[in-house]
Amino acid sequence: MIKGGRPLHGEVRVSGAKNAALPLLAATILSPGPHRLSNVPRLRDIDTLRILLEQLGAEVEINGDEVRVSCPKIKSHRAPYELVKTMRASVLVLGPLLARTGRAMVSLPGGCAIGTRPIDQHLKGLKALGASISLRHGYIYARARGALRGTVICFDVPTVTGTENVLMAATLAEGETVLKNAACEPEVVELARALNGMGARIVGAGTEEIRVQGVESLGPMDHRVGPDRIEAGTFMVAAAITRGEIRIRECPLEWMEAVVSKLKEAGVEISKEGDLVRVAARWRPEPVDLKTRPYPGFPTDMQAQMMALLSLAKGTSVITETVFEDRFMHVAELRRMGAQIQLQGPSAVVKGVPKLTGAPVMATDLRASASLILAGLAAEGITEVSRIYHLDRGYEKLEEKLSSLGAEIKRVR
Ligand code: EPU
C-alpha cells in the first residue's frame, strides 16, 4: 500500500546484483570449492537457486549477505520443472553440470510474462562444444562423451544467460572456445572475472568476442557481488518521479550510461558526490524517446520504470521494446492510474499527463511491479499493488529502503 505524493529525500544503498549473483552461484558447481560469495542480495530467486544447488548435491550456507557453497560431489543431474518454472535462470546450471559431469537434465522453461524466451542459443552453444542434446517430456537431456571440445560459436542473437551458460561450460572444455556475438552485459564481465579467479582462462568478456582456453579443473571462488545497476536505476526514477533529492551509495554509474543519459534528457539532475551519486528533480520530466537494446544500450529491465516516469512528462514519449516481444503488461495497469499510453506494435506511445491517481493494480513480473510502485509513489491517493511476490524475486527490501527515504509505503498481508 502506497500513499503517493511525498518527495523522497535521504540516502540509500544499492544491494548486490541479482543477475550477477545467479550465474556466480551456478558457477560454483563447476568445482568442489569451498566457495565464498559476499554482498549477495536476499531475494526469492537466490533462495530458489539455493534449493536447486542443494538438490544437485551442494552444501549451501547463507549468513547475512555471505553465501558459502561446497560441492565435493554432484549427486543429481536434474533441475526439475517445479524450480525452473518459478525461475527461468535455473537453466544456468545446465552448462556447469554438463562440463563437470558430462550429464545434465534440465526442465525446458516455458514462456513467461515478458515473452516466449527460447533457449535455443544455449543449446546451440553446448552442442557445438560436443554435447548431444535431446528434448523429451519437457526436459533437456544433455550428454557429453569425454570432455567438451573447444570450438567457434557464433550466437544468432546476443543472449545474456546463454553467453553465461556456454562460457561456464567452455572453461572446462579441451582447447580454445571462441564465443562470437556474445552478450556484453556487465554481469557477463563479472562472471568471467570470478571464473578467472577460480583458474579459468577467459579474455574478451565485455566485448562481442570472448576467448576461453579450457583448463582441466577449477578451484574455489571468492568473490564480492557488484552492485545492482537496475536497482540503482529504479532509485533514480523514484527520486525523479517524486521530485525529490536522494543520494545513492554503491551506485555503479559506469554501467548505467544509457539510463543516466535518458534521465538527464528528461531533466533529472545526476551527479557524483564523492562515493555517492546525487539524483534530484524539480519539475515534471521532459518527454524522451527510447529503445531498449542489449548492453550498452538502454536495458529492457528499466523500460517499465522509465514508462512510469514518462507517463508524467510534459509531452509525448515513444518507448520501443526490442529485446522482448511482449514486455508491456504494465501498460494496462498504469492506465488504471490515469496514464495515457497507446501500444503500437513494439512501441508504447506515452502521452504525459499532469498527475496519476492511486488505484488497485496488479504486478505481472518483476520490473512491472517496480514500475507500479514508482507510479504509486507519485500518484494522488492510495495505490495498492497486489502479487508483490514478483518484487521479492529481485528487489531486496524495496519497501524498507523507500520508507527510509520518506515514502509512505507498507507491506500488508
Ligand atoms: N533469445 C533467443 N534464444 C536464446 C536466448 C535468448 O532467441 O536461446 C532471445 C530472447 O527471447 C530475447 C533476447 O534473446 O529476445 C535476449 O534474451 P536474453 O537471453 O539475453 O535474456 P535472459 O538471459 O533470459 C537476462 C536477465 C533478464 C534480462 C535479459 C535482457 C538474468 C538472470 N536475466 O535474461 O532479467 O531482462 O537478460 O537483459 O540475467 C529481470 O531481471 O527482470 C530479467 C528479466
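Is Cys251 buried or exposed? Cys251 is buried, with a relative accessible area of 12%; buried denotes under 20% relative accessible area, exposed over 50%, and partly exposed the range in between, with a 1.4 Å probe and protein chains only.

The model is predicted, so that local features need pLDDT of at least 70 and side-chain atom pairs count only at pLDDT 80 or more, whereas totals for chains, interfaces and linings use all residues. Residues are numbered from 1 along each chain as its sequence is written, and side-chain values use heavy atoms, with hydrogens and water left out.

**Overall dimensions**

The chain has 14 helices and 24 strands, taken as DSSP runs numbered from the N terminus (helices H or I, at least four residues; strands E, at least two). Along the principal axes, the C-alpha atoms fill a box of roughly 65 × 45 × 40 Å. Of the 413 residues, 57% count as buried.

**Nonpolar cores**

A nonpolar core is a set of buried Ala, Val, Leu, Ile, Met, Phe, Trp, Tyr and Cys residues joined through side-chain atoms within 4.5 Å. The largest has 74 residues, and Val93, Leu148, Leu167 and Leu195 have the most contacts inside it. Helix α1 (residues 18-27) gives the most to this core, with seven residues. Apart from this core lies another, of 69 residues, including Met256 and Leu391. Leu195 touches Ala27, Leu30, Leu167, Met168, Thr171, Ala200, Ile202 and Leu218, residues up to four places away in sequence not being counted; contact means heavy atoms within 4.5 Å.

**Strand pairing around β9**

Two strands pair if DSSP finds at least two bridges between them. Strand β9 (residues 139-143) takes part in the pairings below.

| Strand | Partner | Bridges | Direction |
|---|---|---|---|
| β7 (residues 103-107) | β9 (residues 139-143) | Five bridges | antiparallel |
| β8 (residues 132-136) | β9 | Five bridges | antiparallel |

Val106 stands opposite Ile140 in β9, and Ser134 has Tyr141 of β9 as its bridge partner. The hairpin of β8 and β9 has two residues between the strands, and His137 takes a positive phi near 50° there.

**Cysteines**

The structure holds zero disulfides, a disulfide being a pair of cysteine sulfur atoms within 2.5 Å. For Cys184, the closest cysteine sulfur, in Cys154, is 13 Å away, too far for a bond. Cys184 is buried, with a relative accessible area of 12%.
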